[in-house]
Amino acid sequence: MADNAPALKPRVLVLYGGQSSEHSVSCVTAAGVLGAIDTDAFDVVAVGITATGQWTRPVIDPRTHAFGADELPRVLPTESTVQLHSGAAGSSERSAELLEVHPDGSSTAMGQVDVVFPLLHGPFGEDGALQGLLELAGLPYVGAGVLSSAMAMDKHYMKIAFAAAGLHVGPWVTITDRQWSQDPAAALERVRALELPVFVKPSRAGSSMGITRVDAFDQLEEAIAAARKHDPKVIVEQGIDGREIECGVLGSHAGSPARASLLGEIVVHDGSQEHQFYDFNAKYTDATAADLSCPAELPDDVSDEIRRQAVIAFESLGAEGISRADFFYTGAGEVVINEVNTMPGFTPISMYPQMWKATGIDYPELIAELISLALERPAGLR
């Protein structure tokens, strides 16, 4: 009887929403993944996280989330809260239980979870905090671990890791909350050593939230104030005049080297004053603001070098599963790494899935491969 019984499918917890400014991006990503995941291979349960951090059963079918309506998509709060409990009383079982806890204290079992696909961007989702919770629960999950997530989320430490790995990093200045509070004049003076234009950014945010291009130093304080609305730690980068080239990196099985995709390129349309760079609206709400092309038209040796450096960047952070490395390719032939994103945009039309589609792995296959990689690796030290 047991020999003929169908094998149980891994149960995947898809987490989306979250407390960061990229909440709505995560909702749209969830719509893409839930619409494409192979339900013959996986059982799927979706849990939303509200902007205040409440885990909930979705009130709105997450597969319907999209940009273009009057309001950005979001996870709605509910009276009941979903909780994750480590399986088998803390045993080595690689599973956990979901419970929905009601206001009167009663609870409803939501079943076992074998692996988590955290489709969360920004702080409290992509920065190692959630990854730490999942490690404590003993649950495997898609993507980078605690330290690599935290380093990739913080542009300051990410650049230090890249430089230590021998990658070319552009000039930058970091302004901590303490430095800005105690001596803003000194911080501004350090920034004036950079060449204009500069880009003022929250050190730990994504989707271009809070970023300002500064073309005159008298604009600096306003730009820093805008960035500090997202993060008290600010980074100021000297602008790099070059093509914006991206590369997807995908982990491999059984200790093999990570894989690099064909390259993609972002071209923000000239003459657009609304989008001086690839900002949030250009990425998600204005379909005419930029062209994404893949594969990027580059000499073969340049493509090979960027792909090689993308894997080095992945390894320099100790990343796992998924990352997207962003580079500048200058007119002088230099390759300058900008950043790595350990949970890049992941809707079906996002650059990461598009680069892998061009490389030969379509969106449903990519989702299955990421889950497979997560199930293969142990929780804890590795």
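Start with the open sheet of four strands, ordered 3-2-1-7, where the pairing is mixed. Strands here are DSSP runs of E with at least two residues, and helices are DSSP runs of H or I with at least four, numbered from the N terminus. Two strands pair if DSSP finds at least two bridges between them. Strand 3 (55–56) and strand 7 (115–118) stand at the edges with a single partner strand each, so one side of each has no neighbour in the sheet.

This is a predicted model: local features need pLDDT of at least 70, side-chain atom pairs count only at pLDDT 80 or more, and totals for chains, interfaces and linings use all residues. Residues are numbered from 1 along each chain as its sequence is written, and side-chain values use heavy atoms, with hydrogens and water left out.

**Stop 1**

Select strand 1 (residues 11–17) and strand 7. They run parallel, joined by four bridges. Val12 stands opposite Val115 in strand 7.

Next, show helix 11 (residues 363–376). Helix 11 also packs on the sheet, touching strand 1 and strand 7, and its direction makes about 130° with that of strand 7. Contact means heavy atoms within 4.5 Å. Axes are lines fitted to C-alpha atoms, for helices over the stretch in contact, and angles run from 0 to 180 degrees between N-to-C directions.

**Stop 2: the largest core**

Which residues have the most contacts inside the largest nonpolar core? Select Phe117, Leu250, Phe346, Leu366, Ile367, Leu370 and Ile371; the core has 30 residues. A nonpolar core is a set of buried Ala, Val, Leu, Ile, Met, Phe, Trp, Tyr and Cys residues joined through side-chain atoms within 4.5 Å. Buried means under 20% relative accessible area, exposed over 50%, and partly exposed in between (1.4 Å probe, protein chains only).

Strand 1, helix 1, strand 7, helix 10 (351–359) and helix 11 each give two or more residues to this core. The largest share, seven residues, comes from helix 11.

Centre on Leu250. Beyond its neighbours within four places in sequence, its contacts include Ala258, Gly321, Tyr352, Trp356 and Leu370. A second, separate core has 29 residues, including Ala152, Ala310, Ala313 and Ala325.

**Stop 3: the aromatic rings**

Show the side chains of Phe117, Phe346, Tyr352, Trp356 and Tyr363. They form one aromatic cluster. Rings of Phe, Tyr and Trp (its six-membered ring) pair if their centres lie within 6.5 Å; planes under 30 degrees apart count as stacked, over 60 as edge-to-face and the rest as tilted. By this rule there are four aromatic pairs.

Look at Phe117 and Phe346. Their ring centres are 6.0 Å apart and their planes are at 50°, so this pair is tilted. Phe117 is in strand 7, whereas Phe346 is in the loop between strand 16 and helix 10, 229 residues apart. Phe117 has 0% relative accessibility, so it counts as buried. Phe346 is buried too, at 0%. Phe346 also pairs with Tyr352: 6.1 Å centre to centre, 40° between the planes, again tilted.

**Stop 4**

Move to the open sheet of four strands in the order 8-11-9-10, with antiparallel pairing. Strand 8 (172–175) and strand 10 (212–214) are at its edges, each with a single partner strand, so one side of each is left without a neighbour in the sheet. The twist averages 20° from one strand to the next.

Select strand 9 (residues 198–202) and strand 11 (residues 234–238). Five bridges pair them, and Val200 stands opposite Val236 in strand 11. Helix 4 (residues 155–164) lies across strand 8, strand 9 and strand 11, at about 50° to strand 11.

**Stop 5: strand 15**

Finish on strand 15 (residues 322–330). Are its residues buried or exposed? Nine of its nine residues are buried. In a regular strand the side chains alternate between the two faces of the sheet. Here both faces are covered, with Phe328 among the residues on one side and Phe327 among those on the other.

Strand 16 (residues 335–341) pairs with strand 15 in the antiparallel sense over six bridges. Zoom in on the hairpin of strands 15 and 16. Four residues lie between the strands, and Gly333 in the turn has a positive phi of about 85°.
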